[in-house]
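Here's a quick briefing to read with the model open beside you. Take a look at the fold first, then go through the notes below.

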Amino acid sequence: MDGSGTEPRYLWIRKLATIRRPPRRTVRIVKHRTLPPTARLSLLVVFSVAVLLFMLWRFWQPAEVVSPRERAITDVEFVYKCERNHAFRALGQVGHRSCPVCEQPAYPRWRYACEIHGTFEVALYFGIGADGVPKVTKLRLPGRDWIAVDKTLRCPRCNRELKRLPEDPLDLPRRRLPEGG
Ligand SMILES: [Zn+2]
Ligand SMILES: [Zn+2]
């Protein structure tokens with residue numbers, strides 16, 4: 001037992017290991033399959049048609065009339081008013097804007113009317129809707145708490161339902177927006 005039994009076995013395993021080492025085949029390059037010219041042409045045609053259809057589709061999209069309500073608030077200029085009634089025009093944004101005069105939070109306003117007690121300026125809060133799009137999510141009567149936009153606004157004096165006046169800041173034409181300098 002001087003290892004004569006193990007040594008050959010060991011060598012055999014080494015040999016096997018060297019044999020089983022994957023041979024390096026440097027020349028095994030997969031031939032690039034070249035398509036016949038007709039196939040290439042038809043592929044090109046299909047691709048061109050797809051691009052053309054996509055461009056047509058893209059061209060058609062903006063042609064649809066987007067109502068002001070559907071425009072992103074960040075594209076529309078609003079009259080913001082702070083608690084102290086400083087007014088300024090600015091593009092809509094989620095949350096409030098700070099008044100440039102007194103730094104109080106400022107919100108755009110809608111006018112609501114009670115048939116007896118006249119009009120109220122209701123502050124609008126822009127939040128993120130369920131669809132992920134910024135929109136008016138809350139309303140606030142002067143001196144009151146915010147309520148969800150789908151709740152009925154009631155006159156703080158007689159509790160009658162307030163009607164929104166047709167004037168709508170979202171319908172305001174874009175004015176004083178930078179037109180590329
Ligand atoms: Zn102010
Ligand atoms: Zn009233």
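**Around leucine 124**

Leaving aside residues up to four places away in sequence, leucine 124 touches Tyr107, Pro108, Arg109, Trp110, Val136 and Leu139. Touching here means that the two C-beta atoms, placed from the backbone, lie within 7 Å. A heads-up: this is a predicted model, where local features need pLDDT of at least 70 and side-chain atom pairs count only at pLDDT 80 or more, while totals for chains, interfaces and linings use all residues. Residues are numbered from 1 along each chain as its sequence is written, and chains are lettered from A and ligands numbered from 1 in the order in which they are written.

**The core**

- The largest nonpolar core has 16 residues, and Leu124 is among those touching the most other members, along with Tyr107, Tyr112, Val122, Ala123, Tyr125 and Leu153.
- Such a core is a set of buried Ala, Val, Leu, Ile, Met, Phe, Trp, Tyr and Cys residues joined through C-beta atoms within 7 Å, and buried means 20 or more other C-beta atoms within 10 Å.
- E1, strand E4 (105-114) and strand E5 (118-128) each supply at least two residues of this core (strands are DSSP runs of at least two residues, numbered from the N terminus).
- E5 gives the most, with 6 residues.

**Two asparagines with positive phi**

- Most residues other than glycine have a negative phi.
- Asparagine 85 has phi near 70° and sits in the loop between strand E1 (77-82) and strand E2 (87-91).
- Asparagine 159 has phi near 65°, in the loop between strand E7 (146-148) and strand E8 (163-164).
- Asparagine 159 is exposed too, with 9 other C-beta atoms within 10 Å.

Key. Helix = DSSP H or I, 4+ residues; strand = E, 2+ residues; numbered from the N terminus. Buried ≥ 20, exposed ≤ 12 C-beta atoms within 10 Å, placed from the backbone.
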